[in-house]
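Trainee: Could you walk me through reading this one, a feature at a time?

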Amino acid sequence: MSRSLLQTLGFILLGVVAMIVVAPILLVVGTIVARGISAINWEFISSMPRGGMREGGILPAIVGTLLLTLGTALVAVPIGVGGAIYLSEYARDTRLTRAIRLAIVNLAGIPSIVYGLFGLGMFVLFLRFGTSILAGSLTLAIMTLPVIISTAEEALRAVPQDFRTVSASLGGSRWQAVQHIVLPQALPGIITGVILGLLRAAGETAPILFTVAAFYLPRLPSSPLDQTMALPYHLYVITTQVPGMPLSVQYGTAFVLLALVLSLNIVATVIRSHFRRRRQW
Amino acid sequence: MVGESTRLRGNMLTRSSNRQGPGRIPLEGAAAKVRIQGVSYWYSGKASLEGVTMEVPDKAVTVVFGPAGGGKTTLLRLINRLNDMVDDTHMTGRILLDGEDIYAPATDVSRLRRRVGMVFALPLALPGTVRDNVLYGPRMAGERDTSRLSDIVERSLQQAALWAEVRDRLDTPALSLSGGQQQRLCIARSLALEPEVLLLDEPTSGLDPISTAKVEESLFELRDRYAVVIVPHSVQQAARVADYAAFFLSGELVERGSGPQVFTSPRDRRTEDYVTGRFG
């Protein structure tokens, strides 16, 4: 076989593989949009569910997911970014830091249902937070931490060492270098990591199953110790647990969840590309 | 090569005829700003400096020169304790600044680095504007007074022979300056802290001849005020700027003396071979 023919075949093969990667995404998004868009109207996203969730809207699930994501961010971002700063800027290579890194890698590999059970044991029962937004947010935060820590640490390490050296040579403390140079330069990478971590939290069902999610609760939560409905769990409920559920409501709910997650994703992409253009190295 | 070094000496003498030139003070009579006493230094068990003892006189340019890997940069980075940032190193000996051991436990390292400024081989502008770069040190030291800060900007840039070129561009990104301008900006940034010692590690290695001349010109402005230690990027530059010179080979201080003495009548054979271009 001639070399150029071989090359053409190679290109075709790689193209097909790429198509195989893209096709499911297009199919999933396409199906959900096509079947779900008809259910989307102002009432659907702004009113309480009625008639055994077969009618009305999904407002409490939307609000619940937004609150859980916010709660997760409040806990996971300071701890995650703080931990990343420690690991990247202060920690030397000791047995302790190696153990910390190992723990982070392993945390990232734990199945989400295990986080859910841990949250139930730790926050709901032992700390007596009950089934609540607080317990759910904490559980999701622990699940999100490894993603935030490792992406933030990577972003911090990508800032050239020379900047730290120059800062030190001008009498700047380690913290001043972090505060005035390293952190601002690493911010786009950190924000991207934070958003990607939160996206995963927003879409998870298993960790909230035992810790916060309500099967049917047609009112908005009034305190962090309240239960709430949440989009992923609601979707699971209406597709498997409620007989006679109109298909359009199921796809409509999936559409809203997808739109929420994708729009956050787009925000992350925009932030990243915006800052990358302004970066100076 | 003989012709080359004669020409260099000619240059040097021209310099010294219209101002107090190289070697104007005999080594023995000079006031030592920094004393390096029996310093040895190891990276991961590998020796980089071996038993170096020398003085850095005040208000003069001391050239530290020699082939690559001789420990010159290490020596500079020990004088402002920048090598504290490197793991797995070991040091013996003492370094005194104005008679005080800078490695004493009570030393305030940030304060030490404000007293001992450093300029690196590459122009490492920090993110931000020209003004931000000049004021980084003073701001980190806690200076908030706006009028004093703007005085610092003008004075430092003037001392670094850059003011005329950037006075209208203080708020543009530092990276929009040319390489030569950026390096003078880095010098200005060090001068903003009014250091007592200025360490320059091959400050012109990445620059074209015209920029190099400008940087050297700013060095001549500085020699009357600071103890300047420079690792030159060539023997020619070493000869042009040296009041005093120290020749390093493989971590060992081979010879030191006044500039003219080291470059015209070196005492050690190895120095002579290097200065005349037989190796290096």
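Trainee: How many of the residues of chain A count as buried?

Mentor: A residue is buried if 20 or more other C-beta atoms, placed from the backbone, lie within 10 Å of its own. Of the 281 residues in chain A, 40% count as buried. Bear in mind that this is a predicted model: local features need pLDDT of at least 70, side-chain atom pairs count only at pLDDT 80 or more, and totals for chains, interfaces and linings use all residues. Residues are numbered from 1 along each chain as its sequence is written, and chains are lettered from A in the order in which they are written.

Trainee: Which residues touch the most other members of the largest nonpolar core?

Mentor: A nonpolar core is a set of buried Ala, Val, Leu, Ile, Met, Phe, Trp, Tyr and Cys residues joined through C-beta atoms within 7 Å. Here the largest has 147 residues, and B:Val63, B:Val197, B:Val228 and B:Ala245 touch the most other members. Helix 6 of chain A (residues 133-157) gives the most to this core, with 15 residues.

Trainee: And how many residues does each chain bring to the contact between A and B?

Mentor: Two residues are in contact if their C-beta atoms lie within 7 Å. Chain A brings 15 residues and chain B 19. On the chain A side, helix 7 gives the most, with six residues.

Conventions:
A residue is buried if 20 or more other C-beta atoms lie within 10 Å of its own, exposed if 12 or fewer, and partly exposed in between; C-beta atoms are placed from the backbone. Helices (H or I, at least four residues) and strands (E, at least two) are DSSP runs, numbered from the N terminus.
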